[in-house]
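Please open the model in your viewer and keep the selection panel at hand.

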Amino acid sequence: MIRFDDVSVTYDGAAEPTVTGVDFEIPEGELVLLAGPSGVGKSTVLGTVSGLVPHFTGGTLRGRVTVAGRDTRTHKPRELADVVGTVGQDPLSHFVTDTVEDELAYGMESLGLPPAVMRRRVEETLDLLGLADLRSRPIATLSGGQQQRVAIGSVLTPHPKVLVLDEPTSALDPAAAEEVLAVLQRLVHDLGATVLMAEHRLERVVQYADQIALLPSPGTPPILGTPAEVMAVSPVYPPVVALGRLAGWTPLPMTVRDARRRAADLRQRLEDRDDIALQGRGAAIDVRLPPRGRDQPQRTRSRQPSTPPELPDEKPIRRRRFRRRHTPTPPPSPHPADVQDLAVTHGHIQALRNITLTLTPGGILALMGRNGAGKSTLLNTLVGLVAPAAGSVTVGGAVGLVPQEPRDLLYADTVAAECTAADADAGAAPGTCRTLVSELLPGVPDDTHPRDLSEGQRLTLALAVVLTARPSLLLLDEPTRGLDYAAKARLVTLLRELATRGHAIVLATHDVELAAELAHRVVLLAEGEVIADGPTAEVVVSSPSFAPQVTKILAPQQWLTVTQVKAALAREPRSEESPS
Amino acid sequence: MRRSRAQRHPVGAPAPTRHRPRPQLHPGAWWLWSLSLGTAATRTTNPLLLSLLITTSAYVVAACRPDTPTARSYTAFVRLALAVIAIRLVFALALGSPIPGTHTLLTLPEVPLPDWTQGIRLGGRVTAESLLAALYDGLRLATLLICVGAANALANPSRLLKSLPGALYEIGVAVVVALTFAPNLIADVQRLRAARRLRGRPDRGIRGLAQVGLPVLEGALERSVALAAAMDARGYGRTADVPPAVRRTTTALTLGGLLGVCAGTYGLLTAEGGTYGLPVLLAGLTAALAGLSLGGRRSLRTRYRPDPWNLRAWLVTGSGAAVAAALTFAASHDPAALHPGLVPLVAPALPLWPAAAVLLGLLPAFLAPTSKEQP
């Protein structure tokens, strides 16, 4: 269906080709996953299928790409529109019209299908993707998962033979991601569609793939094989594979189910070494707790409404907002932040209701919940961008927020200029920010343009800029969007270190693996209310969609991450018969 | 009781469900209605009539507008209209006006200007007459703007696109995409200003805006490129193969027709061209339309559920046209009522039957209130 003949792509002005030696064939009706670290040219390979590379992006394509027998050299993207459906990373930039129904019809209108056919296919697609209730809604009012489904639906209606998707689930919460993936699987199984997709969050998609094309590093030819073969050598792999590698299972398990079947032995070994594994209070978890029980979410909440001036009106908050950076000692709060009965409204919509939270120094809190549950609003309220409609927010010091799009924080042309500006903004000693950058991001030259940094580097630069003001409370909104596993691991180390230095950290995230790895405490939000609040192990273990893979595999033992399992296995077993 | 009433509905009538498919009224009808009200506004300077026109359109907008983002642009148009009035007044204050007035309200210090700026005055006497003239004039312009805003709010421009002839469709899409550019730009500015506040920088003032400007434009440009790529990949701009002869005929007809329209209009407007003006104009129009319809052959596009032009559309258009016609007629028959006197200063009176005619414009509020039912 898709055939790459020794394809290499060199963009204009680039010294070396972005991808080389791409030479494989994707048969009809397969779901092929394109995996690899960031910056290896996954999007470029996807672009060659739809013809956007090189017709739209420029650059030179050597070799030949054929899709359903059509050579992309002689066919422009618009002439491939009836065989290839493409959905890019950001569904919002994909929409041409503004209601769901019109959007589904747009592609067919361009192809000139008869009205009766269009009508039928729109109805079919609405049902297939579960969009019937949203048909006349303006697209801008939909949630992220709904938008992603509309985007997929809009390229499905012309009945393309090939679907090309770039990170279809990265922006989605776990439930919405599963929804989208279930639809893709149905298309492949029932309609024989061929799907080529790139995705960083392998734990979500690897189980659906028939084959994986791995781009191990920039400029190396891809390796194509079954998921188990490829994952054995891949530099990026999901936790289920990490656990499989650790336990030495061959072939490697790709699904939680596969892994569970083999895990009996591993569970036994863990039990031998750790007598409290069953209660999920293993030493491994203790390591992750902040020093000496400073983080006691449930009790702090109910026991001592200890806290500060009950001034429910907005005045004190306003003042705090203006003083945020300038006064070193704002209203004295014993905690980095204390939220009492907070409510926030956007227009008619109540975005947050009855939120009561107390944050502790050195604690890492993960805010989770659906797209649109109010996570970002809560962060914005903590930093003072959004004024509460009721209740109070008291912070114990400076607050720093790294927004969802870290680029928004960066204005200057070079890293050095950015650092100078950050020092001036924060009133810090000159060089503070640059020292932070060198510490967090070694080897980035002064004259690099922030735009030329990778996604992970840009996030770290924004983090350094925010840290320059020495916030006692650090907020991060979706920090792992678009990060590969290596960048994520660096972020985890970094944030842990900051927490041990006493920063309180709040992350809003959809990434259950990140929360499991990093957070001491998880707060689940739904429709603006807190529905669960407690230590990570307790909250995520009991939730089917927020439980990390390792938890699911090793249940009923309560392990969260591969690192914990590794640490436990490294210990001496309690019994004498050591497996040496 | 209620049930028996419900059963009396004819079987074929669709039940008013929450997910009513789409507003039934053709967007063209809304545009014609609004533009007719606008035309009516240009015929008069009577502030009472103009206020009545504004009220009429505002009432219809409140009753009929769908709950879409473009519908919310109405307030923006109202603000723009207020700004226009304010600017017009400030100019009248500062630059004076040619209207001779006797009621001096205040005297501003006059700035002496060199001779070559003859006819321009800075400061000086401000009379009630000149201020009132500016107010009437500004109000007329404001009414026009508000009417356009009403059209915008009632009928999404992109829905109007569906009714465009095939040959013009691609240009139409480009225009609509350009129109959506502005709201996106505003959203970007807001986001970046919030980000500036995060860094503890002033988010107001010229400097704040200037520093946000570059990233905003950058982001908007990137998004436009992404959208263009998406549109290309979805078949935007696919053309059918047409024989070269047809293509050449299309070009000849369109260009010739447009030239004819220009020449004809010129003839109509100049005194000596009275004889050939109209025929040339008509011939040009016919040729241009033929060119357009022939050009439509190149486009493969089909339409998905085009809005039908039905009786309600006729009535809505008709009500607007009636208002325009009535005021045009009144303006030629009773100019004094529609243009209240400034010198000497008199209080404007409400002319009865033109006012009644303006109220005809309320008809759509009772004909097409259904679009509100959209979720």
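Two strands are said to pair if DSSP finds at least two bridges between them. The model on display is a predicted one.

**First selection: a strand pair in chain A**

Select residues 473–477 of chain A, which form strand β17, together with residues 504–508 of chain A, which form strand β18. These two strands pair in the parallel sense, over 5 bridges. Within the pair, find L474(A); the residue standing opposite is I505(A) in β18(A).

In chain A, 6 strands form an open sheet with mixed pairing, and their order is β16-β17-β18-β14-β19-β20. Which strands stand at the edges? They are β16 (399–402) and β20 (529–535) of chain A; each has a single partner strand, so one side of each is left without a neighbour in the sheet. Direction ignored, neighbouring strands of this sheet are turned against each other by 15° on average.

Move to chain B, which contains 14 helices and 2 strands. Of the 375 residues in chain B, 40% are buried. Colour the chain by its domain assignment: domain 1 covers 21–157 + 308–375, domain 2 covers 164–238 and domain 3 covers 240–305. The C-alpha centres of domain 1 and domain 3 of chain B lie 34 Å apart.

Finally, select residues 27–42 (helix α2) and residues 128–154 (helix α5) of chain B. How are the two helices arranged? They pack at an angle of about 175°, with their axes 8 Å apart. Because angles over 145 degrees count as roughly antiparallel, α2(B) is roughly antiparallel to α5(B). Display the side chains at the contact: α2(B) contributes residues including W30(B), W31(B), W33(B) and L37(B), while those from α5(B) include R140(B), L144(B), C147(B) and L154(B). By class, the contact has 10 nonpolar, 5 polar and 1 charged residues.

Conventions: Residues numbered from 1 in each chain as written. Chains lettered and ligands numbered in written order. Predicted model: local features only at pLDDT ≥ 70, side-chain atom pairs only at ≥ 80, totals over all residues. Heavy atoms only, no water. Axes fitted to C-alpha atoms, helices over the stretch in contact; angles between N-to-C directions. Helix = DSSP H or I, 4+ residues; strand = E, 2+ residues; numbered from the N terminus. Parallel < 35°, antiparallel > 145°, perpendicular 65-115°, else oblique. Contact = heavy atoms within 4.5 Å. Nonpolar A, V, L, I, M, F, W, Y, C, P; charged D, E, K, R; others polar. Domains from an automatic or database assignment. Buried < 20%, exposed > 50% of the residue type's maximum accessible area, 1.4 Å probe, protein only.
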